Amino acid sequence: MDLIDYSSSIWSIVPPLLAIVLAIATRRVLISLSAGIVIGALMLAGFNPLNAFTYLAKNVAALVYADGEINSNMNIILFLLLLGVLTALLTVSGSNRAFAEWAQSKIRSRRGAKLLAACLVFVTFIDDYFHSLAVGAIARPVTDRFRVSRAKLAYILDSTAAPMCVMMPVSSWGAYIISLVGGLLVTYGITEYTPMGAFVAMSSMNFYAIFSLLMVFFVAYFSFDIGTMARHESLAMERSDDEEEAIDGVKGKVINLILPIVVLIITTVFMMLFTGYEALAADGKAFSILGAFENTTVGISLVFGSSCAVLVSTLLIIWERQVGVSEYFKSWWIGIKSMSGAIAILFFAWTINKVVGDAQTGKYLSSLVTGNIPVEFLPVLLFILGCLMAFSTGTSWGTFGIMLPIAAAMASNSAPELLLPCLSAVMAGAVCGDHCSPVSDTTILSSTGAKCNHIDHVTTQLPYAGAVAAATAIGYVVVGFSLSGLAGFIATGVSLALIVFIVKKR
């Protein structure tokens, strides 16, 4: 079936815009995504209902099975199910309860509980999915005990996940970006940077990611609550003990929580290296850690790691003999059921991402910045465009794939000295738009990890993301005119400090 070409039409933004507006207005994510998907399919099919149905059926089926094999998306679904089971096992065995009680004896305040959740990113930075769900399961009993709102926990999870992953070369994000940048350097004959050197330089100019992380720690330490976050925090403070999440099961041991999580991290990293090694060997290339992470299979690695963690948790339960067989299998059903909402939203988000891709929303948005634009404004314009694209599509990785080659082409042809700042601006814009978008998978999983209402998370995070984005835009204007990453960093920091001061005064 031939699809209608909307690459040069403003109508290409209708499906994602409709879904986003409805999600915020109605707070019903699945209905809103459905509306965007149906309208987008009808537009692509020339408003022929039968063709639209055929198009959707084909693409939904492809999410599960395509090209003679199971889609890699199913690895993420299996990982979510296994992580749900692991969370339930840790609860029923009393491990979560033991950790919460241990944390209460060591952590004396709400500030400490929030800082614990924020600091765990330095352990779980290998993947944003893994971080949001694993840290949510670990930190949630502690933040509940100290009456930290679920919205605040979701904000901490979301605003540490992608910003850390996008700047770490030893992560699924870092490996993906390094591989993209390496290809761009070859395409444009740039030899003064290695892919790793370029990535490090780009990370140092990723002002949104850097200051988002700093903002999280500022908010956690000083309880800087703005917008609807202040209301959620106030309600959490009024919550009674019996309104906290029940931590059922016998009183377990802290080690029974720590050991499965450590196994999850170690085995996931090992499998990422192993699958990367296999890919390198298949191409006849020598093994290197960076090369392995560039070529790793993230989905399989996460499934392997979570399977090992579930196995270890099961063996510990058997060893302690504290949970009966029926209760053990019941916890599997509870864990699987707890992930059903997130999985449903992910399927809808993946579907609308396909619709948006076929509508060529990204190509249309990219065309908006071509023409007679002063080169000094290229970084900030690319940052804004990256924000819009990621916000509309709900994907940072898709924005990287579309926008990094465009940014490299624009900079190479008009201002080669701005190549790395322009690439950095795209990275920053993609993360920013991803943070703000209600159809982003990372945003969805952060809500899931915190067990927070999804739209509550989106609306409470927006003011913080908006403040950092405004300061970042000023920083990229300074970079464009000064050609200095340090000057842009200082400008972003000063701008954000002024924004925070103004908001605090009000």
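The size of an interface is often given as the accessible area lost when the parts come together. Keep in mind that this is a predicted model.

Now, where are the domains? Domain 1 covers 70-233 plus 248-343. Domain 2 runs over 344-503. Their centres, taken over C-alpha atoms, lie 23 Å apart. In the contact, domain 1 puts in 58 residues and domain 2 puts in 59.

How many salt bridges cross this interface? The rule finds 0. Polar contacts do turn up across the interface: 15 residue pairs, with both residues at pLDDT 80 or more.

Look at the domain 1 side next. Several helices give two or more residues to the side that touches domain 2, including helix 4 (73-92), helix 7 (128-145), helix 9 (172-187) and helix 11 (207-222). Helix 8 (150-167) is on that list as well.

On to salt bridges elsewhere. The search of the whole structure finds 4. One of them joins the side chains of Arg 110 and Glu 233, at 2.7 Å from N to O. Find Arg 110 in helix 6 (residues 110-119) and Glu 233 in helix 12. The two are 123 residues apart, so this is a link between distant parts of the chain.

Last stop, helix 15, residues 298-320. Why should this helix span 33 Å? Because it has 23 residues, at 1.5 Å a residue. The end C-alpha atoms are 33 Å apart, which agrees. Then, just after helix 15, comes Arg 321, with a positive phi of about 55°.

Notes. Residues are numbered from 1 along each chain as its sequence is written. This is a predicted model: local features need pLDDT of at least 70, side-chain atom pairs count only at pLDDT 80 or more; totals for chains, interfaces and linings use all residues. Side-chain values use heavy atoms; hydrogens and water are left out. Domain bounds come from an automatic or database domain assignment. Contact means heavy atoms within 4.5 Å. A polar contact is a pair of N or O atoms within 3.5 Å; within protein, one must be able to donate a hydrogen and the other to accept it, and residues adjacent in sequence count only if both atoms are side-chain atoms. Helices (H or I, at least four residues) and strands (E, at least two) are DSSP runs, numbered from the N terminus. The expected span of a helix is 1.5 Å times one less than its number of residues.
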